[in-house]
Structure formats: structure tokens, C-alpha cells
Amino acid sequence: RKKQEKDVYKKRGAMSMTICSKFRDQLSKLIKHLAKTRTSYIRCIKPNNHREPRVTDHMVTMRQLGSAGLVIAIDISQKMFPNQLPYDIVWDRFRCLLKASVDPELDYKGRAVVLLSSTLKGDDRVVSGKSTAPYVCGKTKAFFRSGSLEKLESDRRLVRIKNACKLQNFAKAVVQRHKFCTMKLVVVRLQSLWRLKIIRRDYKEKIRSIVIIYCWAKCVLVRIKRQALRKNEASIQIQTSWRCFKHRAKFKKQKKAAVLLQRVIHNRQDRQRFHSAFAECVEAARKNQQMNSLLQKLARNCEPNKRDKSNIHGLLQECSFMISYLGKELFLQRGKVSEVQNQIHCQKETNSSLLLTVDALKAESAAEKLGVDRLSEKVTNLYKQIEEEKKTSINHKKELKKIKDENMLTETAYKRKCDHMVNQHKSKIEQLNIKLVAVTKDHTLELQKQNDRIKTSE
């Protein structure tokens, strides 16, 4: 039991120590937080005794302020130094009021003393016959009398307003300059577009005139070519007929001479052939006679009663001669037969080739007929085209007249549009100038108002 009681006491002591430590930590955190902040007191005052909104009774409020001791506190704060600031804050906050340069080696206190001596110079007050300075410098802070810190703040505010006005002026000038530049660019762009339009119009008119002149020149050249072709065709026909006449006469003479030469040559060849054939016939007849005589001899010798042994040797020789002659004749006849067969084969080939050429010539003749038909169609089409070109040339002349009239009308219309656009641009430029003058006037008025406000605030 004693051990249990001791354990309970120990637990209670630990619990009480932890609560106290937590409370102590919370208090220390609160004190640190309050030390970092600035204390300010709020006092509530009744505006009236009737509890009505937006109604103030000055006597009631003054009585409350007097009874609360605020009037006495204000008097005491006026005689004392109610405001105080560290030197680094004074330097960072009010160094914009210092016009002269400061030695950078000085610390914040020296810089603050120089700043306050230059800005609050001549603001001494006379209290009970003694002149008192508007500020006092301590070790780490500067103490200000009532009104001196407000004067510094007002001067700082004026400086910042002046700087803000300068920035505003610069920004407005930049904006207006940008507007002016944009307007200038727009005007330049409009001028360039208008000039481009005029140049394009002139260019199109020039192209139209060039096309018209080119078409007219083409028509003239085509007419000249057509006339030249007609003349050339007639001259070519005359030349061809005259040349054909001459060549025909020459051809007839040459043909007669060739016929005579062929007759003479054929006669010579026929004579030579006749003489050779006649010689061959004579030899063949002689050989036939010899064959007949040899056969008669053989017939005689074949009879048994009339055999002559002395003539057998001679007959055998004649037979051998005749057999050799007949063998030669056979060989020659066979050669002639082979030649005749070759000639027949060649004639067949030539006939087949001639048949093929005849078919090819028939096909060529048919193709030439088709070509002639096509050429005739083309000739007819060319005549039609010539007639159409005549009609188109007439239409072109009419169109040229119409285009000239249209060009005159378009020129007048473009001139009117140009004048209208120029007047519009002039009116726009005048309006823009009027707007610029009004904006500058408004800007000057705003500057004057701001300057008046600054003076009134001072």
C-alpha cells in the first residue's frame, strides 16, 4: 500500500509540473509577442446622451475627455517628447529629405543627427522663456516633440507626391508619345496603302493598254502573215508547175535515150546469146550425128555375120568419148536445173515480198487517204478559224472602245474617291489634333490641381 501511495504522489507531482511549465511557456511567448508590438490604447466616448446615430454633442464629448484626463495628458505630451524612433528607422524613412551628401563612414546615429539638423533647422520653440529644440538624440533613439515628427512626415509626403507627379508626368508623356507614334504609324500606313492603291490602279491600266496594243499588233501580224502565205502559195504553185514542166521535158528526153540504149544493149545481148545458143545447137547436132553413126556402127557390129574385129577397138574409144560427153551434158543440165530451181525459189520470195509491199502500199494509201481527209478537215477548220478571227478582231475593236470608255469612267470615279479619301483623312487629322490639344489641356489642369492640393496640404 505504501508503495502504491508513493507512486500516486509522484504521478500527481509530475502532472502539476507539466501544467505549470506549459503555462509558463505560454506566458513567455505572449510577453515576447507583446514586446515586438507597439501598445495603443482605445477609449470609447459617447457622442450624445440620447443614443441617436450621426449626432454629436460637443459639450458631452468634452466633458468625457476632461473627466478621463486626456486634456491634461495632451498638455503633458506637448511639453514632453511623445514620439521616439530608432536611428536606423529615422535614416531609412527620412533620408529622402536630405539634399546634401553624407559621409558613408558614419553610423546610423551620425547620419540621423545630420539629417535632423538640416531638416528641422529653425523650428525651435519658446517654452517659459526658454528655447527648446524640436528633437533630442539619445543613445539608440531620437525623441521628438509634438508636431516635429508630423512636420517630417508631411515633408516626406510632399517629396513623395512630387516624385509621384514626376513619374505620372513621365508615364503620361510615354503614353501620349506612344499614342502619337501609333497615330503617326496609322497615318503613314494609310498613306502607303493609298499610294499603293494608286500605283496598282496605274499598273493595271498600263497592263490593259499593253494587252490591247499587243492584241492589235498580233492581229496586224497575223494579217500580214496570211497575205504573205497566200502570195507564197501562189508563187510556189507557179514555181512547182514551171519546174515540173522543165523536168518533164528532160525526163522524156532521158527516157527516150534510155529506151534506145536499152534496145541496143538488149540487141547485143540477144545476138551474143543467139551465137552461143547457135554454137551449142551446132555442136549438139554434130554430136547427134556422131551418136547416130556410132549406133549404126554398133548395129552393124552386133550382127554375127558382119563382125569386124578390127573396128571394135575404135568403137569402144568412140563410146567412151560419147559417154564422157553425155556425163558432162548431164552435169551441165543438172546445174541448169538447180539454177532454174533457185530462180523459181527467188521468184517466189520476191513474189511474197512484192505481195507484202503491195499490202503495205495499200495500207499506206489508206493512211494517206485518211491523212488527206484530215488535212482537208484541218484546212476547213483553218478557214473557219480565219473567219472566227475576223469576227473576234471586230469584237476586239468593239471591246477596245468599251474598255476605253470604262477607263475614262473609272479614272473619274477614282479621282472622286481620292478627293473624298483625302478630305476624310484631313478631317481625321484635324480631329486628332483637337483631341491632342484637349488632352494636353486636361493634363495641365490636372497638374495645376495636384499642385494646388499639395500647397493646401502644406
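## What lines the pocket

V222, K225, R226, L229, R230, E233, V379, L382, Y383, I386 and E389 make up the lining of the largest pocket. Keep in mind that you're looking at a predicted model. The space in this pocket comes to about 410 Å³.

So what kinds of side chain do you meet there? The lining splits into 6 nonpolar and 5 charged residues, with no polar ones.

Two helices, α6 (148-302) and α7 (312-457), each bring at least two residues to the lining of the largest pocket. Which one gives the most? That's α6, with 6 residues.

## A sheet of 3 strands

Elsewhere in the chain there's an open sheet, and its 3 strands sit in the order β1-β5-β4 with antiparallel pairing. On average, neighbouring strands here are turned by 20° against each other, ignoring direction.

Zoom in on β1 and β5 (residues 141-144): the two run antiparallel and are joined by 4 bridges. In that pairing, N83 stands opposite F144 in β5.

## Helices packed on the sheet

Helix α4 (residues 87-94) packs on this sheet and touches β1, β4 and β5. Its direction makes about 90° with that of β1.

Helix α5 (residues 108-119) packs on the sheet too, where α5 touches β4 and β5. The direction of α5 makes about 165° with that of β4.

Methods
Residues numbered from 1 in each chain as written. Predicted model: local features only at pLDDT ≥ 70, side-chain atom pairs only at ≥ 80, totals over all residues. Heavy atoms only, no water. 1 Å grid on protein atoms, 1.4 Å probe; cavity = no way out; pocket = protein on both sides within 12 Å on 5 of 7 lines; lining within 4 Å. Points joined across faces, edges and corners; volume = space filled by probe spheres on them. Nonpolar A, V, L, I, M, F, W, Y, C, P; charged D, E, K, R; others polar. Pairing = 2+ DSSP bridges. Axes fitted to C-alpha atoms, helices over the stretch in contact; angles between N-to-C directions. Contact = heavy atoms within 4.5 Å.
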